[in-house]
Amino acid sequence: MTLVSTGGRSLAVGPLPNFRITPPSWRRPAPPSLKTPRAAIVESRPVKIAHAARDNASNGNGALVLVSGGGGAGSGGGGGGSQSEDIQAEARAMARAADAPIFTPELIANKYGRRPIEVLRRTIEILIAIVSFGLKLWLDERNGVFDQNKRVRAAELRQIFTRLGPTFVKLGQGLSTRPDICPPEYLEELTELQDDLPTFPDEEAFACIERELGVSLDSIYSTISPSPIAAASLGQVYKAQLKNSGQTVAVKVQRPGIEKAIGLDFYLVRGIGGLINKYVDFITSDVVALIDEFAYRVYQELNYVQEGQNARRFKKLYADNEEILVPDIFWEYTSGKVLTMEWVEGVKLNQQEAIEGQGLKVLDLVNTGIQCSLRQLLEYGYFHADPHPGNLLATPEGKLAFLDFGMMSETPEEARYAIIGHVVHLVNRDYEAMAQDYYALKFLSTDVDVTPIVPALQNFFDDALDYTVSELNFKTLVDGLGAVFYQYPFNVPAYYALILRSLTVLEGLALYADPNFKVLAASYPYFAKRLLTDPNPYLRDALVELLFKDGRFRWKRLENLLKQGRQDRDFSARDALQPVLKLLLAPDGEELRRLVVKEAVYVSEAVVLTSVVDTYNSIPAMLRPPILYGNGRGPLTMSDAELLRTREFRDLVVRVWGLLRTSEDFDPALLQPILQVLQQPEARSLGGRVIGGVTQRLAARFLQQVLRTPPPVPTS
């Protein structure tokens, strides 16, 4: 059983049958340089080829750094060409996509502003469909048959979205991943929108391939499926075998007239967005800007060469994780409307029984997806903005395969660190700092006073944070923040809306397998690891802010961070130690050094005092000398409560050290660079201050012990 994706939709199919070439029942005039197109469904024996070289390309700015080898992203199409041939193959693909449509508000307005009848006809079509469906729901509720008719209404809604076209299909795909929004009957029906849409004629698809690539089908493929194995909103997919290499590939072909259908819908939606901006006061975000960002991403999906370049960049950044699979792109057989990629076998991530039947666990795969998404959002900032079940496959080897790279987006670098800092401020309940974060996130202009926002944040998060991390879910926080955003002049950037879409979709996928799954709990180890190991100055300051409060070091918080951070596969004890020391010994670190000296004195004192008490208690009672006036309470002037607190403090510090020492990559040799750092003048001064502080506190305790009044002798 295999799966392939088109526009992020995947479908199970059986093995590809072998057929002899048969003359097609259709004909079209062929260009002089082309043969008459033929349905290339032939009987052939695959040619054994070497594995494709992994792509080594893309830094995101369009520059190509390619390796030679066939079949890979950036290759000339599986022929094992040289590096220059690979570059030329991609250049030819780009040339074939030179006339790919692009989105600009001006072009859309100019194009459809002159077609009032067409716009009116489409508006009426949409209104009739939506109003009639809403009326049926109202009648069901009034007649008491709302629940009984859910299945029927869900099927009708799927048919409405399908009939209204690609824009509404994408809306339905988004709803199909939200079991917390849609009833199960609707989820089941809308899931079909991911890969089970009506197809367009195969004759048009085959003609498009020949027209786009400039060669006949039987010169490219030794076999190709007679009909699409999956169909989605923007195109449909055929399974084929390349003639020159025997490589099995997926061939995605764009629907004819797709740009016209999408363009008209976005023109209408932009008009509605303009009315919302003008007349709806409680929505403070620029709705038109959000629509434009989404439209821009959808139009990028119409350029399959751009999608191939997105896949290459995504693979370069994230496929170093052995649990992630990204298919290779075959540039020689790719154009603006035809995309040829490596065939991926697997099962959609929401098909729990099929996945578990292969001995895999859905939640393990979802966690892999969440960790990869966090890297996308907060490390490199380049993220997959459409991770619905059709775009995420579980391979038989247990890997998570990402498909469909048409809709991608980027998080600005400043915003990445601001998001992590925002989480720190949330954990600390520092609502004033949270409000200030919205400047860095570009949610508020700098002339907006955030003072009134602080109480609103406090009112919501004080209740939300009463739950444990494992009890919070992402949707709860999004809904709560949304309520705050509506009350104040927030302008949510378009990239942030796509981040929310990405994370809510992943949480929705997890809810299929476990209704109690919480994406925030799964994300916490990543945040802990970043805070503990990232040398970025912003994050180092955030860590200090998290660990120190009211002049005291919060060892429990550090213990929790270490426990969570160790759960991340990339956690390094070495990285957690050295950046902290560098920050501590920096020229501008005097305030931090003062806090550390103070805490080091407390730690040293706790170790010494508890050691003295433990040593005293280890002596048999009959042999214990009458130390200092024969105090029956022990060797020190400490109450039982104070002694208990001191022991707990010492044990906590020991546990923290144990967490570091037992980390997988911990080695005593790792301390050598630290010793080198400690030889710096600032470090020697720091050590002297600690010793001096400990000496003073112990001397004070000793004097208190010596000078205290002897206990009275009881009389008869």
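**Note on the predicted model: confidence, helices and selected loop residues**

1. In this predicted model, residues 672-678 have a pLDDT that stays under 50, and the model has nine contacts beyond four places in sequence for this stretch. Residues 1-80 are likewise a stretch over which pLDDT stays under 50, and there the model has 225 contacts beyond four places in sequence. Where pLDDT is low, the predicted coordinates should not be read in detail, and I would ask that any discussion of these two stretches be worded accordingly.

2. For the chain as a whole, the average pLDDT is 74, and 69% of the residues score at least 70. The chain holds 27 helices and 15 strands, and of its 716 residues 52% are buried. Among the contacts with a separation of 6 or more, 71% are accounted for by residues 24 or more positions apart.

3. Does the span of helix α3 agree or disagree with its number of residues? Helix α3 runs over residues 116-143, and at 1.5 Å a residue its 28 residues should span 40 Å; the C-alpha atoms at its ends are 40 Å apart, which agrees. Its buried residues are Glu 118, Val 119, Arg 122, Ile 126, Ala 129, Phe 133 and Asp 140, a list that includes charged side chains such as Glu 118 and Arg 122. An α-helix has 3.6 residues a turn, so residues three or four places apart point the same way. The residue that follows α3 is Gly 144, with a positive phi near 75°.

4. The buried residues in α4 are Lys 150, Arg 153, Ala 154, Ala 155, Glu 156, Leu 157, Arg 158, Ile 160, Phe 161 and Leu 164. Just after this helix comes Gly 165, which takes a positive phi of about 105°.

5. Two packed helices are described by the angle between their axes and the distance between the axes. Helix α19 (residues 519-533) packs with helix α20 (residues 537-547) at an angle of about 105°, and their axes are 8 Å apart; because angles of 65 to 115 degrees count as roughly perpendicular, α19 and α20 are described in that way. From α19 the contact draws on Arg 530, Leu 531, Leu 532 and Thr 533, and from α20 on Leu 539, Arg 540, Ala 542, Leu 543 and Leu 546. These contact residues divide into six nonpolar, one polar and two charged.

6. Helix α14 (residues 413-428) also packs with α19, at an angle of about 105° and with the axes 11 Å apart, and these two helices are therefore roughly perpendicular to each other. Tyr 417, Ile 420, Val 423 and Val 424 of α14 meet Phe 527, Arg 530 and Leu 531 of α19. Here the contact residues divide into six nonpolar, no polar and one charged. Arg 530 and Leu 531 are listed in the contact with α20 and again in the contact with α14.

7. Most residues other than glycine have a negative phi, and most peptide bonds are trans. Asp 404, in the loop between β12 (400-402) and β13 (408-410), has a positive phi near 60°. Lys 442, in the loop between α15 (431-440) and α16 (453-464), has a positive phi near 65°. Which of the two is buried and which is exposed? Asp 404 is buried, with a relative accessible area of 3%, whereas Lys 442 is exposed, with a relative accessible area of 53%.

8. Val 492 lies in the loop between α17 (474-487) and α18 (494-513), and with a relative accessible area of 13% it is buried, because the cut-off for that term is under 20%. Its C-alpha atom is separated by 9.2 Å from that of Val 287, although the two residues are 205 residues apart along the chain.

9. Tyr 304 is found in helix α11 (residues 304-318) and is buried, with a relative accessible area of 1%. What does Tyr 304 touch, not counting residues up to four places away in sequence? Its contacts are Leu 234, Gly 235, Lys 252, Val 253, Gln 254, Thr 334, Ser 335, Gly 336, Lys 337, Val 338 and Leu 339.

Technical notes:
Residues are numbered from 1 along each chain as its sequence is written. This is a predicted model: local features need pLDDT of at least 70, side-chain atom pairs count only at pLDDT 80 or more; totals for chains, interfaces and linings use all residues. Side-chain values use heavy atoms; hydrogens and water are left out. Helices (H or I, at least four residues) and strands (E, at least two) are DSSP runs, numbered from the N terminus. The expected span of a helix is 1.5 Å times one less than its number of residues. Buried means under 20% relative accessible area, exposed over 50%, partly exposed in between (1.4 Å probe, protein chains only). Axes are lines fitted to C-alpha atoms, for helices over the stretch in contact, and angles run from 0 to 180 degrees between N-to-C directions. Angles under 35 degrees count as roughly parallel, over 145 as roughly antiparallel, 65 to 115 as roughly perpendicular and the rest as oblique. Contact means heavy atoms within 4.5 Å. pLDDT is the predictor's confidence in each residue, from 0 to 100.
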